[in-house]
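Dear colleague,

I am passing on the structure below, and I would be glad if you could look it over alongside the notes that follow.

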4 protein chains.
Amino acid sequence: MPLAAVMTAPNQPVEVQQLPDPILEKGGIILETLYSEVCGTDVHLLHGRLEGVPYPIIPGHFSVGRVVETGGAVSDVNGKLIQPGAIATFLDVHETCYNCWYCLVAKASTRCPQRKVYGVTYSAKDGLLGGWSELIYLKPGVKVLTLPEEVSPKQFIAGGCALPTALHAIDRAQIQIGDVVVVQGCGPVGLSAAILALLSGAGKVIVIDKFESRLVVAKSFGVDETLAIKADDPRQHIERVLELTNGHGADVTIEATGIPIAVKEGLNMTRNGGRYVIVGHYTNTGEILINPHLEINLKHIDIRGTWGIDFSHFYRMIELLKRHSDSSKNIAWSSIISRSYTLKEINQALADVEQGSVLKAVIQPNLS
Amino acid sequence: MPLAAVMTAPNQPVEVQQLPDPILEKGGIILETLYSEVCGTDVHLLHGRLEGVPYPIIPGHFSVGRVVETGGAVSDVNGKLIQPGAIATFLDVHETCYNCWYCLVAKASTRCPQRKVYGVTYSAKDGLLGGWSELIYLKPGVKVLTLPEEVSPKQFIAGGCALPTALHAIDRAQIQIGDVVVVQGCGPVGLSAAILALLSGAGKVIVIDKFESRLVVAKSFGVDETLAIKADDPRQHIERVLELTNGHGADVTIEATGIPIAVKEGLNMTRNGGRYVIVGHYTNTGEILINPHLEINLKHIDIRGTWGIDFSHFYRMIELLKRHSDSSKNIAWSSIISRSYTLKEINQALADVEQGSVLKAVIQPNLS
Amino acid sequence: MPLAAVMTAPNQPVEVQQLPDPILEKGGIILETLYSEVCGTDVHLLHGRLEGVPYPIIPGHFSVGRVVETGGAVSDVNGKLIQPGAIATFLDVHETCYNCWYCLVAKASTRCPQRKVYGVTYSAKDGLLGGWSELIYLKPGVKVLTLPEEVSPKQFIAGGCALPTALHAIDRAQIQIGDVVVVQGCGPVGLSAAILALLSGAGKVIVIDKFESRLVVAKSFGVDETLAIKADDPRQHIERVLELTNGHGADVTIEATGIPIAVKEGLNMTRNGGRYVIVGHYTNTGEILINPHLEINLKHIDIRGTWGIDFSHFYRMIELLKRHSDSSKNIAWSSIISRSYTLKEINQALADVEQGSVLKAVIQPNLS
Amino acid sequence: MPLAAVMTAPNQPVEVQQLPDPILEKGGIILETLYSEVCGTDVHLLHGRLEGVPYPIIPGHFSVGRVVETGGAVSDVNGKLIQPGAIATFLDVHETCYNCWYCLVAKASTRCPQRKVYGVTYSAKDGLLGGWSELIYLKPGVKVLTLPEEVSPKQFIAGGCALPTALHAIDRAQIQIGDVVVVQGCGPVGLSAAILALLSGAGKVIVIDKFESRLVVAKSFGVDETLAIKADDPRQHIERVLELTNGHGADVTIEATGIPIAVKEGLNMTRNGGRYVIVGHYTNTGEILINPHLEINLKHIDIRGTWGIDFSHFYRMIELLKRHSDSSKNIAWSSIISRSYTLKEINQALADVEQGSVLKAVIQPNLS
């Protein structure tokens, strides 16, 4: 009987529990978890900030593991048969229906009402449907990819859920060669967005955060400028962006903070006719005063919300890790990971992520 | 010596003054004014709400007149020689430089710092550079079009500055056949946007305003639904939009109110993955609380500011009036005009526009 | 035992045969056919021009009928329960997988290799899976819509498969208000594209065909100009388009002919920087000489192929028919239908469509 | 009196002539030429393949030099005063009018009929208006940029006219992170496009040419695959592209050959729903048979012609050279240059470019 870390209710310590073994259906897969992660959403889950969550739950939406057993012949999207022993990962978002108005007419499949999400919308009573567990059960129809040999499980989890989310934001940003890109927030999504902006041919990438320790990591990935927010001079970073852009502001600004005031600041750092992509607001953290004349209409600006990911972002994420993991084009993805935690250390991991003392926390459920 | 209505300073009554005759330069044109208009911007000018306005000024940015004299041979953009007696109009925005970073690199020519605007950025001391005057002087380089015979001067001014502004907003909205379009505000810009949404193949056009009298006019142009804002039930119109759209909200919402709260309401009336176009905020009327999670990111929405017009909108406006003025495809543009005023009646016109008791006020400077 | 018209092999007369009653599965539906149609694809099928067709087949991909029986509770995409007696239609394209690289990564679902098409890719031995039959069997998972009461079955079939195909082409064309649109070919797709261009706010719609009889119909729908191709002066229509556009050519040209030379002509009728949409080439009719310098690069032109339709085009087609069938906004869809045929008359119908002597042929399988 | 290389008539050897000193007007600039180049267009000029060329001409459209004298105070687009001694370059395309239908309404300024091009549309009798000359005269209004100190004149000319042309093509290609990009042709434009595709985050860049020597250079810039066209197996490279893309073809293919057959091949190497950008056809080299069904419509493909450059491409080219010339992000632009030639050696340079024995030939008019 596998061990799993269970969030029993909001604002309660996570407990390690022994849960029943999964029952393998035709088309299903049992994974032995190698890595899962703690992301900002997990902190929101801990504090009960998401609606409709069926506590108790096993959190952990992005994970990678070793295939223990498959329910008959199961293939990945590329038509490759998934074998026991293979290293596999899967899209946490599940049951997007491709049969409703959102999916088929509005073409907004990340807003499909049928979606289920591993680690978020399943109860621990439904089975091992989250990554903070020694085993994960992949239900029939879950979209699985086996990792190419160039991509280690650690590199995959270093990308984690932040990388495809940032990829979606970068698609929305439509960066042209030479664009100046500002990224607000240097958590996993912001850092990933900054790396992807560099890869997209940005002419300059500027990253803003309040933690110097995070900015040091961003610098190590080659971003051009890092700006620390000063509590005693809260406009300094805004003015610095204008200085760095001949007074115009950035062509593209990407918000990855989840803090409402960042939206107001970001609009003021973006040039007339520029693009402002919001990707950090995954939970309700309140309102902010916006001036529609000065901050939107007069600037002739585009603002683009970015909700969730679809399979293409997940698929392309792995292709990207594969391309940029060989020796000649190396990106040191693993250096994004600040620390690994066992199941027993998860409450510490959550606290560290919440305080920002780690940039990225990964979970290794089979270590003790 | 021609008469002109001069706004001498903010919050002072407009005065009719006799001003010197224009001095005709090579490439310049003298127009005898047939119609000008009073738009919302003129009310802002009256109250000193725009920055850098060189009072005293002659307001009136969109106008149409009869050519009195040209400074040598002057041609319009189609290469047609402009003859005395011709009915001509011109783009109020002048001196866009096509030589600066905004014009050439950022491709945001409506934000060119060199722009001058008839009726707004010229002092009355600079000459007859506004439409509230018996004569208007078109400086060399002003972009002039002669009206095709299908378009009467009255039809042109019924479109006025609102029609190309709405055309720009509609371009930004990228309406697809069948889209549900909500227009917030039924002043000249909102009404024009509603008419253009109908022409663009919208599946349903819903117009919202607080004045029933304006909604009646919208209805006469064939919009599908009109919703009056109820002071005693301020969410009723929002809920009604949701009802009319299976609970989804509109595919496209166009803001044409200039009122900050409309932005918040508009976001809540737009569907996930929809487009929200802001075109009504031409002056600073304050801030509004926006929730970046609920109103932008979770909705995966696009917000698009729309500043000013360029020559293409002006040119296409006249083509549009030409097409839709013949008997078989008639749009009753002239019915947009609520009332005509002489120069002496301009203070009344400004008061009427400000109170919203007229939908559109036109000026006939050569009537008395 | 229902009668059906069966195409037994290429280039053989279609035979009316008695076939076994359908076996209703859970989620399946039996329809009594009211209307089906003969389209250009059926002529291609008759001559064996499509690959991989499992003759014998029952042709007829777009159809409408009355629900006889459902296999348990079956709902349409709007969640509405489908009742016996309801008038229903369905998307002929079936089994798009939303699970492969084409569907999920390339986002080209109309190229999904799993697609099946009623009336084309099913054998008559597989059941009543084509519209030229008294009964049609809708397999579980077929996407069904019940017709709103504003849309009669005859209006629906007047639109037929051509209308959503044209809608897809119009989406690809990105018509802006005022654009001059040329449509090459006035068969059902071309005529539908012309009607939709008018609905999209085109400034001028010009339709070209070799049959005057078809152009007369186009004229009745309000297109601005019709140009007949003259065998003795094959450049006349091209020159006429240039004349009608100040020598520039059209902003948008839509090819709906299936004839290779039309592509060359169409490029020459389109302006520099314009869009050329190809939607008529649904089967291989050979090659044409194109000059990449003169006809593509120098013109800075966009050429856009348009393959198939997805559910959104089908859904929006019905919304469109609903909107434009009431008395105030009437479009006389039914006048597109040249003639109705019984099952026994199908060989005549095929001959008439092939010769172009009818614009649109519909089938009424339950008439005799 | 400066020396210049003059092309007196088509198919005649270029002659070095002594020409009158330029007469400096207000706003004009005299440059001492440091580098000019020989590009494919110059070979077309030599053979009289462009229409309306006013022989005798001084070819050389992209050049860089040292400012000798300015006609009063002249500023560049950034507002920086241009001083004698500064290293400056300029956009060869001149007199785009921003006053005509093409510039203002069609927004196709690279098709403005007023355009003049240094080295192409000016006669040697009009002055020193081409780069194959010891001095170049920049007429008032020519758009000038001074080189930032990070960009050497040699690096600038290594980019030459090919780099902004490729930048325009890459903008048209809308590369997303991870896209597979094929570039047909490894001349200066093709090689530049390949470098820019790498910079844009392409997942794989494949370059095709018939000269192994050029492919070696491409390889040195980091492209993933190079494919040589085999005279004895002319489909091999097409099949290899399909192999490298799971049989799908490239997401994006960029044509930079000027050879009609490449267009047919390129369409066959591009995936369903992909983009095919044509940028190599700058002169008429004949026609090619295209199958509209198989190669366009069935593939649901976009084809995009790319004519000329505007100032934004030129401006961004210099920003790009600045960014990628520092030690940490170095791109070895100078290695694109195969050989330098003096004015006297120009006939040799033309022959070398025509035969493809050099990838890029630059001219140093002040060397002897």
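**The contact of chain A and chain C**

Between chain A and chain C the count is two salt bridges, a salt bridge being a side-chain nitrogen of Lys or Arg within 4 Å of a carboxyl oxygen of Asp or Glu. In one salt bridge the side chains of C:Lys107 and A:Asp310 meet, at 2.6 Å from N to O.

This is a predicted model, in which local features need pLDDT of at least 70 and side-chain atom pairs count only at pLDDT 80 or more, while totals for chains, interfaces and linings use all residues. Residues are numbered from 1 along each chain as its sequence is written, chains are lettered from A and ligands numbered from 1 in the order in which they are written, and side-chain values use heavy atoms, with hydrogens and water left out.

Chain A and chain C each bring 13 residues to the contact (heavy atoms within 4.5 Å), and they bury about 1,300 Å² between them, 66% of it on carbon and sulfur atoms (accessible area, with a 1.4 Å probe, lost on being put together and summed over both). On the side of chain A, the most area is lost by A:Tyr98, A:Leu104 and A:Val105, together 36% of what that side buries.

Chain A is superposed on chain C by a rotation of 180° with 0.0 Å of shift along its axis, at an RMSD of 0.0 Å (least squares on the C-alpha atoms of residues with pLDDT of at least 70 in both), which is the relation of a two-fold axis. A:Tyr98 is the residue of chain A that comes closest to this axis, with its C-alpha at 3.5 Å.

With best regards

Notes: Buried area = accessible area lost by both parts, 1.4 Å probe.
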